[in-house]
Structure formats: structure tokens, C-alpha cells
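Here is a short report on a predicted model.

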2 protein chains.
Amino acid sequence: MARWEPGAAERLQRAALELFATRGFDQTTAADIAQSVGLTERTFFRYFRDKRDVVFHGQDRFGQLIIDAMAAAPPDAPPMGVVVAGLAGIAPFFADDRRPWSRMRQKVINENPSLRERERHKLADMGSAVADELRARGVGEPAATLAGESAATVFGVSFMQWISEDEERSFPDIVSSMLSELSAVTAGDR
Amino acid sequence: MARWEPGAAERLQRAALELFATRGFDQTTAADIAQSVGLTERTFFRYFRDKRDVVFHGQDRFGQLIIDAMAAAPPDAPPMGVVVAGLAGIAPFFADDRRPWSRMRQKVINENPSLRERERHKLADMGSAVADELRARGVGEPAATLAGESAATVFGVSFMQWISEDEERSFPDIVSSMLSELSAVTAGDR
């Protein structure tokens, strides 16, 4: 039996991102990552299926936080109100001091097509999960699907804005502004 | 030099979809498809890179039609007005007599993860192309990106509605209704 390493997944993730950013994703092996924090390749594969997996560590919990926060919204809240509550639930992931880390991570993703692909998947899955939760609350179609897709759009665009150079607004402020913009654009007011 | 076969790509596509629908995607080879319309496997690969490619034949032209129709919209039209003009440009693809064909094609896609994947890609690329065209018209950010994403959302949801059982409304009518719904949902009115 392999020994349990407290915080190993987080240490491996941090080391992986540093190596991907400096040396390149393709030039970094699982063994390189493990060795850089004094662990074995075998330990690496106890936590992650592959190198891509490391970049998205923690995102399942992230999706669950959105759903939990949606479930806590008032029963009579309109669909986008529930979405707003859901996105507020993940605001702690986007605290200001995490911006440099998120910027580095996104740079790694942008430079690798297979990571961009996986990211696009995760975002689409998030939209579907939001729509499922809205349907479970009794929201009909097409409102549930449209609100789920809009949640993914607003989250994706807000995140890219949050990590953009010179941006200093908080993540919740950006989300709120994007929602207003989306509403204005779809109403034909912009 | 191989001989040019008039309409070969369309014949191959139609034959491929029939075989995928009846025999299954994995159980059908490029040679099977070619033989069923009296052509060789070599001819098949002159038109298509692989089996998946056949299902999406004609979609590049489709994307170009949206962009052309957007370019013909009045210069002062708001972003979503330009999107509406773009989607109107592809309405001929969704004439009522094409519904059975589109239903069969979608059934094939839904049953195969790699086809669903490629479809998701095509839809995301369409959203990006729409946003690019809006930016080229001078639309600023985030309006261009939000309108591009919303175009992909409205198109995707409208198409699924158009092919759903018992649906009899025309594609343009469905698009128009989805746009109103999206506007109401993002405004918090639904």
C-alpha cells in the first residue's frame, strides 16, 4: 500500500503548472512533475489520470459549488436569478490574490490545443449541469437550456475578462456587468 | 488521374447517413459507403478525410452563408440584428422538406460521442466566426463576443427544437421565438 501524502495533489498541480509554463506542456513528463516535489511517478498517477488532468484538478468541486449555491436560491427566483446565485457560490475561487495563478494557468491552456479542448468541454458541461438543476427546480423549456447556456457564456467571458491585463474589478463585479451586457445585447439595445 | 464524379460528394453523404442510421456508425466502413453507390474507396477519400467528415459535408459553406448574410445587414444594425440577418441567411438549409433528413442525421450524431464532439466544435466555431464578423463591423467588446456566443446558443437550441417530434413551425419562426425567450431569460423576466 502506498502512503497517503497530505496535500500531494495540490503540490503536484502547482509544480505541474510551473513546469508547463516555463518548459512547455509537451516537454514536461509526469515523472518530471513528481520529481520536482520529491514524489514518485507512481504517486502522480494515484491522483491524476494524465498530464492534462492536473490542469483541471479541483474543477469537479467547482461545478458542485455552483449547483449547491443554486439549490440555496429562493424557490421563486427567476432562472437567471438562480444562475447569479450559483456563480456567486464560486466567487471564492476568484479572489483577487488568485489572479496571477489563474493567468499562468490560462496561458498554459491557451498554448495547448488538447487543453483548450478539455476546457471547452468543462464549460459546456457546466452549462448542461446548470440547465439540469434549473429543470429540477421546475423551470420549463426552452428557458432552462437558454439560461444554462447563458450561464456558461457569462462565466467564460467574465473569467477571461477577470484575468485580462490591467483588469482590477472583482470577479462578482465583472459577472454582474456581463449579465447586464448580455441582457442589453440580446434585447437589441447594444 | 481519377475521373471527376458529378455530385459524388452528395451521393456519398446520403449513402453514408443511411448506412450509419441503419447499420451503425462503427459498423460502416468508407469502402461500404463507396460501394453502396458504385464508387471506390479511393474516390471516397478524394472527397472526405474520414467517416466523420461525411456527416459534416457542406457545413463550411453554411458558415460562410451566415457571414455573407451578416455582411449584407444595414451598417447601423445592432449586433443581435446582424445576427438575426445572418441566421436568416441559412434558413434555406432548414426548409420544411429537409426535416426528416436532419432528424436522421441528428440521430446518427447523438449516438456517437466523436460525432457529438465534432458537432460541438462546429457550433463553437460558428459563434467565434460571428463574433469576428461583428468585430470587423466595429462592434466593441464584450458585445461582439456575447452576441457571437448567443448566436451559437440560439442556433443550437432552435435547430434541436426544429427537428423535435411534432414541431411544425418553420426554422425562422423558431429562431425568432428563441431570441425573444433568450432576451426575456437574460433580463430576468422568465
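## Burial at a helix glycine

A residue is called buried when its relative accessible area is under 20%. G156(B) has a relative accessibility of 17%, so it counts as buried. This glycine sits in helix α9 of chain B.

## Two copies, one axis

Chain B superposes on chain A by a rotation of 180 degrees, with 0.0 Å of shift along the axis and an RMSD of 0.0 Å. The two copies are therefore related as by a two-fold rotation axis. Both copies use the same surface: 100% of the contact residues of chain B recur in chain A.

Which residue of chain B comes closest to the rotation axis? It is S183(B), with its C-alpha at 3.1 Å.

## The cavity

Rolling a probe the size of a water molecule over the atoms shows where empty space is left. The count here is one cavity of 30 Å³ or more. The largest cavity holds about 30 Å³ of space.

Its lining draws on both chains. From chain A come E149(A), S150(A), T153(A) and L182(A). From chain B come E149(B), S150(B), T153(B) and L182(B). Helix α9 (143-162) of chain A and α9 (143-162) of chain B each supply at least two lining residues. By class, the lining has two nonpolar, four polar and two charged residues.

## Salt bridges

Side chains of opposite charge can pair when their charged atoms come close. Over all chains, the structure holds 20 salt bridges. One of them joins R118(A) and D50(A), at 3.7 Å from N to O. R118(A) lies in helix α8 (residues 113-136) of chain A, and D50(A) in the loop between α3 (41-47) and α4 (51-55), so the pair ties together parts that are 68 residues apart in sequence. R118(A) is buried at 11% relative accessibility. D50(A) is partly exposed at 28%.

In chain B, D96(B) pairs with R99(B), with the closest N and O atoms 3.0 Å apart. R99(B) is buried at 5% relative accessible area, while D96(B) is partly exposed at 46%. R135(B) and E141(B) also form a salt bridge, at 2.3 Å from N to O. Here R135(B) is partly exposed at 33%, and E141(B) is partly exposed at 47%. Elsewhere, salt bridges with shared partners join R49(A), D50(A), D53(A) and R118(A) into one network.

How values were computed:
Residues numbered from 1 in each chain as written. Chains lettered and ligands numbered in written order. Predicted model: local features only at pLDDT ≥ 70, side-chain atom pairs only at ≥ 80, totals over all residues. Heavy atoms only, no water. 1 Å grid on protein atoms, 1.4 Å probe; cavity = no way out; pocket = protein on both sides within 12 Å on 5 of 7 lines; lining within 4 Å. Points joined across faces, edges and corners; volume = space filled by probe spheres on them. Helix = DSSP H or I, 4+ residues; strand = E, 2+ residues; numbered from the N terminus. Nonpolar A, V, L, I, M, F, W, Y, C, P; charged D, E, K, R; others polar. Least-squares fit on C-alpha atoms with pLDDT ≥ 70 in both. Contact = heavy atoms within 4.5 Å. Buried < 20%, exposed > 50% of the residue type's maximum accessible area, 1.4 Å probe, protein only. Salt bridge = Lys/Arg side-chain N within 4 Å of Asp/Glu carboxyl O.
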